[in-house]
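Colleague: I would like to learn how to read the features of a model like this one. Please give the general idea each time, then the case at hand.

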Amino acid sequence: MTETFMADLRARAENGDEEAVDELAELAAERGDMAELRRLADRGSATATDQLIELAGERGDMDELRRLADRGNATATDQLIELASESGDANELRRLADKGNATAADQLMQLELDDE
């Protein structure tokens with residue numbers, strides 16, 4: 001991708017071209033560009049948000065998943081619970097359970113039972 005192409009794509013995205021936003025998100029995901037995905041997601045792109053969650057999950061980036069989950073993203077919350085369960089992170093599961101997440105509470109209980 002040339003800089004000119006990327007600049008044009010970003011300009012189209014800034015002007016509300018959803019296809020350009022989706023293409024930017026796809027390209028950012030291919031490059032593993034969390035910052036670009038975060039910027040697009042924070043501007044409301046569902047495609048970028050989905051790509052960001054997928055990339056964060058693959059990288060085990062619990063901070064990014066936590067940031068998205070705390071903003072109310074259910075998919076990020078589910079991914080965060082999965083990672084916390086796999087890593088045995090009782091504190092994260094407890095934090096989510098304390099916020100009323102029943103799945104996190106169930107996983108926390110299972111984790112505690114497994115530790116007995």
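Colleague: Is A28 buried or exposed?

Modeller: First, the basis: this is a predicted model, in which local features need pLDDT of at least 70, side-chain atom pairs count only at pLDDT 80 or more, and totals for chains, interfaces and linings use all residues. Residues are numbered from 1 along each chain as its sequence is written, and side-chain values use heavy atoms, with hydrogens and water left out. Buried means under 20% relative accessible area, exposed means over 50%, and partly exposed lies in between, with a 1.4 Å probe and protein chains only. A28 has a relative accessible area of 0%, so A28 is buried.

Colleague: Where is A28 placed, and what is A28 in contact with?

Modeller: Helices are DSSP runs of H or I with at least four residues, strands are runs of E with at least two, and both are numbered from the N terminus. A28 is placed in helix α2. Contact means heavy atoms within 4.5 Å. Leaving aside neighbours within four places in sequence, A28 is in contact with D33, E36 and L37.

Colleague: Which residues does A20 touch, not counting residues up to four places away in sequence?

Modeller: A20 touches L9, R12 and A13 on that count. A20 lies in helix α2, and A20 counts as buried because its relative accessibility is 0%. From A20 to M6 the C-alpha distance is 9.9 Å, for a separation of 14 residues in sequence.

Colleague: Which residues form the negative surface patch?

Modeller: A patch is made of residues with over 30% relative accessible area and no salt bridge; like charges are joined within 9 Å, and nonpolar side chains (Val, Leu, Ile, Met, Phe, Trp, Tyr) within 5 Å. Lys and Arg count as positive and Asp and Glu as negative, while His and the chain ends are not counted. Here the negative patch is formed by E19, E23, E26 and E30. One of these, E23, is in helix α2, residues 18–31. E23 counts as partly exposed because its relative accessibility is 32%.

Colleague: How many salt bridges does the structure hold?

Modeller: A salt bridge is a side-chain nitrogen of Lys or Arg within 4 Å of a carboxyl oxygen of Asp or Glu. The structure holds 16 of them. In one, the side chains of R67 and D42 meet at 3.2 Å, N to O. This pair links distant parts of the chain, with R67 in helix α5 (residues 62–70) and D42 in helix α3 (residues 34–42), 25 residues apart. D42 is partly exposed, with a relative accessible area of 42%.

Colleague: Where are D70 and K99, the partners of another salt bridge?

Modeller: The side chains of D70 and K99 meet at 2.9 Å, N to O. D70 is in helix α5 and K99 is in the loop between α7 (90–98) and α8, 29 residues apart, and the pair links distant parts of the chain. D70 is partly exposed at 42% relative accessible area, whereas K99 is exposed at 54%.

Colleague: What does E112 form a salt bridge with?

Modeller: E112 pairs with R94, the closest N and O atoms being 3.2 Å apart. E112 is in helix α8 and R94 in helix α7, 18 residues apart, and this pair also links distant parts of the chain. E112 counts as partly exposed at 37% relative accessibility, and R94 is partly exposed at 32%. Salt bridges that share partners join D63, R66, D70, E92, R95 and K99 into one network.

Colleague: Why does I81 count as buried?

Modeller: I81 counts as buried because its relative accessibility is 4%. I81 is in helix α6. Its contacts, leaving aside neighbours within four places in sequence, are L93, L96, N101, T103, A104 and Q107.

Colleague: Where is Q107, and is Q107 buried or partly exposed?

Modeller: Q107 is found in helix α8, residues 102–115. At 31% relative accessibility, Q107 counts as partly exposed. Q107 touches I81, S85 and L93, not counting residues up to four places away in sequence.

Terms used: Areas by Shrake-Rupley, 256 points an atom, 1.4 Å probe, with all protein chains shown as cover. Charge placed at Lys NZ, Arg CZ, Asp CG, Glu CD.
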